[in-house]
Amino acid sequence: VIKVANTIHSDTRERIIREHIFLEQDQPLNPVRLADNERFLRDKSFILDSRIVVEPVEGTDSVDLRVITRDIFSLGATAGGSFPNAPRASIYNANLGGRGQGVGFTALLDQDRTPKFGYAVVFQKSSILGSLANIEMTYTQINTGLSRGEENEYAFLARISRPLVSSYSRLAGGLEVS
């Protein structure tokens, strides 16, 4: 099982890890920002654990940073809903190709709704071009609307958000259109 899992798993690419580092080169090392960056990496849906190791450069006042991460197994599936009347199943990949992007598909077969079959598709990308901003796009046919009880909702959602990654951050916010 481990050999099969290692064969189908894609390690997070070095470039993607670099896009999630907000420590700046040729600047004094701030230990609080270093700890914030470790936590930020651990909070990503495709990284299980992270550690940033400071290595002094001999003969200088500079340091090198070694970023060590441990990926999660990014493929998954869930089953739920209420069986046999309304089963629900999902498949997802939280780190497609090691690129820090996730995709997911959920299907619902509900005998009490019209139409009986509904689905949702999700795409997520973390830290677009190193900006630390995330994007999510979703199309769904399985949510219920807010205005009139249990009516079915067909919706498209696009969301861009930049979290407050550190107390030293100057920019955070988001925009959602649906």
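Here, buried means under 20% relative accessible area. All the views below come from a predicted model.

View 1. Helix 3 covers residues 31-42, and its buried members are R33, L34, D36, N37, E38, F40 and L41. Those buried residues pack against strand 1 (47-56) and strand 2.

**View 2. The cap on helix 3.** Zoom in on the N-terminal end of helix 3 and you'll find N30 capping it. A side-chain oxygen of N30 lies 2.9 Å from the backbone nitrogen of V32.

**View 3. The largest pocket.** This one has a volume of about 800 Å³. It is lined by 22 residues, and L23, E24, Q25, V63 and L65 are the closest to its centre. Helix 2 (14-19) and strand 2 (63-71) each give at least two residues to the lining, with strand 2 supplying the largest share, six residues. Sorted by class, the lining comes out as 10 nonpolar, five polar and seven charged residues.

**View 4. N134 and its surroundings.** N134 belongs to strand 7 (residues 134-144). Its relative accessibility is 17%, so N134 counts as buried. The N134 side chain makes a polar contact with the side chain of S126, at 3.5 Å. Setting aside neighbours within four places in sequence, N134 is also in contact with a list of residues including K44, K125, I128, R159 and P163.

Methods: Residues are numbered from 1 along each chain as its sequence is written. This is a predicted model: local features need pLDDT of at least 70, side-chain atom pairs count only at pLDDT 80 or more; totals for chains, interfaces and linings use all residues. Side-chain values use heavy atoms; hydrogens and water are left out. On a 1 Å grid over the protein atoms alone, a cavity is a set of points where a 1.4 Å probe fits but cannot get out, and a pocket is an open set with protein on both sides within 12 Å along at least five of seven lines; lining residues have an atom within 4 Å of a point. Grid points are joined across faces, edges and corners, and a volume is the space filled by probe spheres set on the points. Helices (H or I, at least four residues) and strands (E, at least two) are DSSP runs, numbered from the N terminus. Ala, Val, Leu, Ile, Met, Phe, Trp, Tyr, Cys and Pro count as nonpolar, Asp, Glu, Lys and Arg as charged, and the others, Gly among them, as polar. Buried means under 20% relative accessible area, exposed over 50%, partly exposed in between (1.4 Å probe, protein chains only). A polar contact is a pair of N or O atoms within 3.5 Å; within protein, one must be able to donate a hydrogen and the other to accept it, and residues adjacent in sequence count only if both atoms are side-chain atoms. Contact means heavy atoms within 4.5 Å. The expected span of a helix is 1.5 Å times one less than its number of residues.
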